[in-house]
Amino acid sequence: MGLFDKLIKDAVSGAVGNAVSEAMKQAIQPKADELAQQAVNQAAGALNQAQQASAANAAPAENQNADVQPAGGNAAQMPSKEEMEAALGTLGSLFSGFAAKAAESMKLCPKCGEPAAADKAFCQKCGAKLPDMTIAEGAKCPKCGRQNDPDTKFCAGCGEKLPAALAKEQAAAEADAEVLALWKEKLPDFPVWNCGGTELALEQIPDTDTETWRFSVRLESDAAAQNAVRQYRQLLMQNGFQKEGQYPSDEHLYKRVNGVSMHCDTEHCFEGDADSPDFYFNHSQPYGGYDYKKPESKPKQSGGLLGALFG
Ligand SMILES: [Zn+2]
Ligand SMILES: [Zn+2]
């Protein structure tokens with residue numbers, strides 16, 4: 001792509017970005033690309049004509065001054081900054097209008113954010129039930145009636161939380177509840193705990209020696225995440241989990257249930273984002289075993305040089 005094409009396409013993409021949310025941008029991108037290509041073709045055509053006219057005019061002059069660089073003539077024929085801005089402004093309002101129309105005839109999946117046509121009931125990407133409202137309806141204030149931009153959380157007129165934002169929160173809360181139900185089912189011996197965070201996730205880690213599950217959660221700050229980990233360790237200990245083995249540690253708590261080892265590993269819980277700890281659950285045994293006994297130190301031999309050195 002030439003510099004000129006890129007300039008126009010970037011500006012078009014900027015105009016689209018200003019007008020619509022990321023998800024809608026995805027949905028209308030093919031149309032935006034098509035319009036952008038039209039704009040590029042038109043501009044290229046105009047530029048080409050201007051260059052030909054310029055070359056025809058410049059030809060006699062060039063013969064007279066052969067050592068003057070002719071390339072300067074092309075640059076002079078580029079559209080002016082003002083002309084470019086006017087053209088791109090027109091494109092911008094074209095896209096805004098297009099986006100507003102799209103918002104009236106489209107929905108967004110509250111779970112994964114995928115756009116869908118207004119007549120669809122379920123998300124084609126993740127299968128979640130789609131809301132009844134279109135994107136435009138979701139951004140219309142139920143209190144003062146203002147039509148807000150798509151993807152706005154609070155009404156710009158009165159501060160009321162908008163229907164789409166409420167639906168998104170509700171979908172997130174339902175998803176979190178599903179994760180806790182899965183935890184109860186798959187890890188019944190580890191106390192279930194939502195720790196006040198969001199974006200709960202529980203998944204089995206493939207290819208591990210012992211069946212391992214990872215629970216992760218998003219907290220509001222790094223400090224809140226640290227605190228949540230401490231709280232969960234306490235909850236485990238209240239439920240009979242203990243430090244065990246040769247290297248007892250708060251980061252590895254164990255409990256035997258009907259002869260099966262339950263192990264919660266929080267040693268690596270901050271290796272991802274610091275506000276999103278990961279907890280690992282598996283059936284590993286403590287190093288050295290549950291019955292590991294620290295060897296008793298030998299009774300001191302009284303007196304003598306050897307006794308002082310090796311006692
Ligand atoms: Zn979805
Ligand atoms: Zn309002």
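Visitor: In what order do the five strands of the open sheet come?
Guide: The order is β3-β4-β7-β6-β5, with antiparallel pairing. Strands pair if DSSP finds at least two bridges between them. Helices (H or I, at least four residues) and strands (E, at least two) are DSSP runs, numbered from the N terminus. This is a predicted model: local features need pLDDT of at least 70 and side-chain atom pairs count only at pLDDT 80 or more, while totals for chains, interfaces and linings use all residues. Residues are numbered from 1 along each chain as its sequence is written, and chains are lettered from A and ligands numbered from 1 in the order in which they are written.

Visitor: Which strands stand at the edges?
Guide: β3 and β5. Each has a single partner strand, so one side of each has no neighbour in the sheet.

Visitor: How many bridges join β5 to β6?
Guide: Six. Within that pair, Tyr254 stands opposite His263 in β6.

Visitor: And what about β7, how many bridges join β4 to it?
Guide: Four bridges join β4 to β7, and three join β6 to β7. Tyr280 in β7 is the bridge partner of Arg214 and also of Asp265.

Visitor: Which residues touch the most other members of the largest nonpolar core?
Guide: Phe215, Leu236, Phe241, Leu253, Cys264 and Phe279, out of 19 residues. The largest share, four residues, comes from α7. A nonpolar core is a set of buried Ala, Val, Leu, Ile, Met, Phe, Trp, Tyr and Cys residues joined through C-beta atoms within 7 Å.

Visitor: What does a second, separate core include?
Guide: That core has 15 residues, including Ala99, Cys141, Cys155 and Leu162.

Visitor: Changing topic: is Gly159 buried or exposed?
Guide: Gly159 counts as exposed, because it has 10 C-beta neighbours inside 10 Å. Gly159 is in the loop between α5 (135-138) and α6. Gly159 and Cys141 are 18 residues apart in sequence, and their C-alpha atoms are 9.0 Å apart.

Key. Buried ≥ 20, exposed ≤ 12 C-beta atoms within 10 Å, placed from the backbone.
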